[in-house]
Amino acid sequence: MRLGLVIDLDTCVGCHACATACKEWNASSPVSGPLSDYEPFGAEPSGVWFNRVRHYELGEYPASKTINFPMSCMHCADADCVTVCPTGASYKRDDGIVLVDQDKCMGCNLCAWACPYGARELDTASGTMKKCTLCVDRINDELLPPEERQPACVLACPTHGRFFGDFDDPASEVSRLTAERGGFGLMPELGYAPVNQYLPPREPKTVIAASDVKALLERGLASLASPVIRR
Amino acid sequence: MTRTIAFDQRSRQQTHFTTCYMCACRCGIKVTVESNKVRFIQGNLNHPVNKGVLCAKGSAGIMKQYSAAKLKKPLKRRPGSERGTADFVEIEWDEALEILTARLSKIRSTNPTQLAFFTGRDQMQALSGLWAQQFGTPNWAAHGGFCSVNMAVAGLYTIGYSFWEFGAPDWEHAKYFLLWGVAEDHSSNPIKIGLEKLKRRGAKFVSINPIRTGYSAIADEWLPIRPGTDGLLALAIVHVLLKRGLIDWEFLIRYTNAPWLVVQTPGIAGDGLFARDAEDHPLVWDQQAQRLVNGLEPEIAPALFATVKLDDGRVAKSVLSLAAERYLDERYSPEQVAATCGVPAETITRIAYEMAHVAFNEAVELPISWTDMHGRTHDKVVGRPVAMYAMRGISAHSNGFHTCRALHLIQMLLGALEGPGNFRARAPYPRRIPMRTLPENDPAIIFAADTPLKRMPNGNPARPEDLVIDKDGRPLRIDKAYSWETPLSPHGLMHMVITNAANRDPYPIDTLLLFMANMAWNSTMNTGEVREMLVRKDDRGEYVIPFLVVVDAFHSETVNFADLVLPDTTYLERYDAISLLDRPISEPDAAADAIRHPVIALDRDVRPWQEVLVELASRLKFPAFTSADGSRKFRDYKDFIVNYEKFPGIGFLAGWRGADGESHLRGAPNPKQWEKYIENQSFFSYPWPENMRYYRFANKDYLEFAEKHALFGTPPVAVIMQMYSEPLQKFRLAGQGLYDGPQPSSPTDQERLARYFDPLPFWYEPLESARVSHDEYPLHAITQRPMMMYHSWDSQNAWLRQIISENYLYMNRGTAARLGLADFDWVWVESHHGRLRCQLKTMEGVEANTVWTWNAVGRQAGTAGLDEDASEATAGFLFNHLISELLPKGNADDRRLTNSDPVTGQAAWFDLRVKVSKCAVGETGIWPIFPMSKRLPGDTGRRPSTLRYHTEAPS
């Protein structure tokens with residue numbers, strides 16, 4: 001199994017719903033909560049978040065394009081963060097999820113340095129490293145209704161731009177979308193085999209061909225006589 | 001490798017379905033509670049509004065619930081202290097209610113207009129409006145006057161429904177979608193859900209917006225338009241459509257007043273009104289019968305283009321002839337408008353062609369049988385799948401009313417309204433044009449002691465006689481709504497209330513009651529001076545606004561100015577009805593309403609404002625709240641909601657009515673109605689059968705059903721779309737001195753009516769822009785609310801403020817280079833009214849002549865539960881200081897005019913023009929800065945340096 005996320009950059013409006021849904025679920029999660037907030041009411045508030053949305057611009061005005069880019073743990077197939085962990089706290093599950101055992105972590109930060117995606121967050125209050133769990137305690141919780149056994153970010157996303165599934169299953173939605181839409185992983189050249197895939201913005205469709213314009217105008221001009229139409 | 005994972009202990013949790021409150025979407029939520037603490041808030045999968053998804057605000061509701069800014073107990077300004085210093089003493093509810101009851105009772109028994117009751121993001125206007133009506137004051141409105149009233153009035157006077165809450169795009173069928181000026185605002189989740197549907201189906205999404213963020217980021221095409229010129233762009237599209245005959249003639253003939261004949265007698269009374277027969281029916285020229293006929297009859301063959309001589313010898317022209325004369329003029333050609341709008345002419349022409357192509361060559365046909373208003377049954381529904389949506393960028397300009405009408409004109413020409421793929425109505429709309437609810441305007445009733453108004457304070461004037469003015473033409477309302485200055489202002493002018501009250505113009509008031517409206521900060525124009533007005537004293541040393549009551553759940557800047565503070569609950573702690581009598585949550589395919597119920601037990605001495613309203617109404621013995629024997633009619637808010645009937649069988653909640661709970665929409669009160677809602681996940685949805693889903697303005701079955709259920713106040717006659725607006729022309733005639741009825745005496749009012757009450761949409765430069773030097777103030781300045789904070793005051797939210805807690809001035813990178821400015825420069829931003837200092841950031845995705853910032857991030861230190869050094873106070877700023885509630889003085893003015901749309905009174909936030917200059921070396925830091933607010937009683941001001949929120953103790 002290779003569980004992970006597909007994130008659709010064509011529909012992401014940068015609303016941060018995924019980020020806050022993640023924050024609220026994991027704050028009280030027995031797996032890695034709480035997620036500490038520092039100076040929550042003061043200057044420069046910050047805190048532990050597993051998922052952050054960044055905003056970029058491509059191209060120059062007026063042809064510029066704004067890209068909203070959510071980033072979280074890629075659950076790499078070849079996860080260096082696990083390899084470098086001196087205590088065995090970081091581990092990769094059989095289903096592909098990379099987790100941190102909070103009881104074993106000593107907060108040494110080696111894994112954060114090893115991660116090229118900036119996905120790991122040191123909780124200075126607990127002194128341990130925290131990160132996206134793919135909501136392991138949702139997707140495996142048999143007391144939740146089946147339709148809710150999804151990561152919190154996927155459930156919340158208002159533009160349905162996030163998908164969860166098994167990339168080892170070619171019939172899964174995540175595999176199908178990646179194949180159909182040209183999904184890509186970030187920085188594959190680094191060799192960590194990130195599991196999460198991003199779908200690029202769709203190419204804008206041409207609405208009207210030159211021949212359509214001609215036909216349209218001919219028809220329009222023919223109708224200008226205001227035909228007799230019964231009310 | 002697999003190790004054991006711990007799960008939530010579900011046995012100690014409860015789940016509740018209720019309704020979110022953070023914005024006017026009012027999504028369904030499922031709240032998981034553990035030990036009376038919120039474990040998780042998620043979207044309700046079954047809810048018609050959000051269908052399971054939830055925005056950032058909704059998910060961060062936990063931090064709203066546990067905000068450090070929550071008020072805890074009623075407060076009274078300390079005797080002898082100065083207003084505005086936040087020097088309060090805590091009092092008991094009994095005392096608070098006694099103080100207020102005594103004050104209100106005295107006002108009501110002497111001069112009820114001395115109470116002004118204005119509400120902010122009020123989600124219960126049906127109750128607060130009823131309360132004001134029963135009190136007997138005309139001085140009531142909610143925040144629509146500074147939000148969306150241009151959209152509401154333009155829509156309701158033109159198509160019978162409107163952008164924002166009274167309609168929605170058909171995301172399932174639209175193939176071409178234009179989003180006009182939606183600044184990450186209305187509406188939140190429904191637009192997001194819809195945009196993805198469009199994208200998945202390969203529909204084209206065009207965004208017309210000076211800024212490319214948020215929704216515009218994912219547009220297939222971005223048209224960076226100059227602020228305030230959307231109407232010109234829309235009318236250039238109209239020019240192309242008319243010139244090329246790209247028009248749905250059948251739609252115009254059947255469903256609009258395009259063929260109606262308009263009397264042409266310039267300079268003579270009656271000019272510009274419809275030619276009518278003896279029974280008052282509008283006349284059209286029948287092309288086959290070759291005579292004048294009643295334009296409402298079926299089977300006639302009206303001429304769309306006609307100039308005819310009426311029986312009395314007067315000349316009349318059809319509406320479409322008048323429209324063609326106007327819009328075919330070269331001044332509306334793409335080539336002529338391109339430079340003003342900043343959109344190339346070829347782009348405008350192409351967009352018009354694309355819309356027409358989709359409308360006419362890619363029509364949608366659904367095999368749905370329906371019956372039209374004449375009883376003719378059709379075997380299919382045809383849709384021209386072009387949809388539009390529009391909001392802030394259109395509404396917040398002083399030309400927004402006409403711009404919005406121009407958008408509706410495009411929709412009419414394309415036949416793209418209420419069909420599959422169009423902008424469609426949400427129940428209880430469409431409604432008759434104009435709606436037959438008139439504002440109370442009888443001075444004898446308005447000034448009568450202890451007497452409710454006979455009509456509601458707000459309504460929809462159709463002619464000058466409906467204005468709320470005295471016999472000398474002076475305004476009867478404190479906000480001067482429905483006066484000659486802004487005649488069609490059904491949402492009031494909340495942004496003028498404090499200025500007018502401080503000037504005692506048109507009269508002094510005694511008590512200003514503000515609910516959930518931050519009028520001493522981000523919800524007002526001219527923030528600094530308005531704060532001064534709130535504490536202004538007269539020659540005798542008395543406050544010019546003698547008594548100020550603030551109702552809020554949180555410590556806002558406005559709370560500091562109160563004489564009496566009534567603390568509200570949060571949305572998770574109370575009962576609420578989200579009523580069809582109010583702002584609907586219906587979707588095009590279903591009428592819907594909803595409730596809230598407490599899911600968290602109260603832990604402080606606060607009361608729901610609606611509960612307090614019912615209590616005050618009972619103590620003051622309002623007739624609607626008092627039984628014949630003088631005893632109170634309703635035990636409490638819950639009891640009121642169940643048992644109050646607006647009309648027989650019509651109450652606040654439409655679901656599960658009747659003694660047995662089996663009647664929907666209309667039925668006797670059901671004592672178990674709240675329980676039924678809670679059983680049904682706190683919402684009620686009444687899906688329309690297929691035959692009532694489309695063309696409802698002319699759909700016989702729908703219109704008859706609507707009348708029977710008194711949902712719509714509409715007799716079952718078709719709603720004819722008003723391309724040409726006769727009510728506007730009546731006001732224009734009054735301005736021209738040609739109206740047989742009230743007419744204004746001031747030349748300023750006469751000129752404004754003659755110019756702006758044009759019965760056909762037109763474009764004019766926004767008023768402020770036309771009165772300031774473009775050389776001196778070359779840039780447009782507008783705001784957006786961050787998506788994760790839209791329509792809410794969430795700068796106090798400990799999670800959301802980690803995403804944004806300070807703001808910058810954003811400028812086009814090329815423009816900045818030309819001005820010698822660079823990222824993080826400190827700059828002065830100056831308008832005709834004021835100036836501020838802030839820091840600059842450059843970007844590509846903003847129109848070259850526009851600067852912008854995030855709205856309402858900046859806060860006064862010490863408010864909102866924040867630390868003294870919170871970045872909102874030290875690095876956040878408001879444009880409000882630059883925006884005056886009054887227009888710069890014009891040459892011919894005899895008085896200062898409101899900075900608002902001259903038709904609707906909509907606050908013209910986005911008309912602002914500024915210059916930006918680099919600060920001197922060493923000149924840094926946000927300016928203006930306001931002094932630190934005193935902490936409220938019981939608040940030590942100590943905040944945790946680390947917050948570790950969780951429902952169960954961490955291991």
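This is a predicted model: local features need pLDDT of at least 70, side-chain atom pairs count only at pLDDT 80 or more; totals for chains, interfaces and linings use all residues.
Let me start with the contact between the chains, which takes 97 residues from chain B and 77 residues from chain A. On the side of chain B that touches chain A, the residues divide into 47 nonpolar, 26 polar and 24 charged.

Now to the helices of chain B. The axes of helix α8, residues 230-243, and helix α11, residues 334-341, come within 10 Å and cross at roughly 165°. An angle over 145 degrees counts as roughly antiparallel, and α8(B) and α11(B) are therefore roughly antiparallel to each other. Their contact is made by L232(B), L233(B), A236(B) and V240(B) from α8(B), together with P334(B), V337(B), T340(B) and C341(B) from α11(B). These residues divide into 7 nonpolar, 1 polar and no charged, and the crossing is left-handed.

The second pair is helix α16, residues 494-502, and helix α17, residues 527-534, both of chain B, which pack at an angle of about 45° with their axes 9 Å apart. That angle makes α16(B) oblique to α17(B). Here I498(B), T499(B) and A502(B) in α16(B) meet V530(B), M533(B) and L534(B) in α17(B), and by class this contact has 5 nonpolar, 1 polar and no charged residues. The crossing of α16(B) past α17(B) is left-handed.

How values were computed:
Residues are numbered from 1 along each chain as its sequence is written. Chains are lettered from A and ligands numbered from 1 in the order in which they are written. Axes are lines fitted to C-alpha atoms, for helices over the stretch in contact, and angles run from 0 to 180 degrees between N-to-C directions. Helices (H or I, at least four residues) and strands (E, at least two) are DSSP runs, numbered from the N terminus. Angles under 35 degrees count as roughly parallel, over 145 as roughly antiparallel, 65 to 115 as roughly perpendicular and the rest as oblique. A crossing is left-handed if the near helix is turned anticlockwise from the far one by less than a right angle, and right-handed if clockwise. Two residues are in contact if their C-beta atoms, placed from the backbone, lie within 7 Å. Ala, Val, Leu, Ile, Met, Phe, Trp, Tyr, Cys and Pro count as nonpolar, Asp, Glu, Lys and Arg as charged, and the others, Gly among them, as polar.
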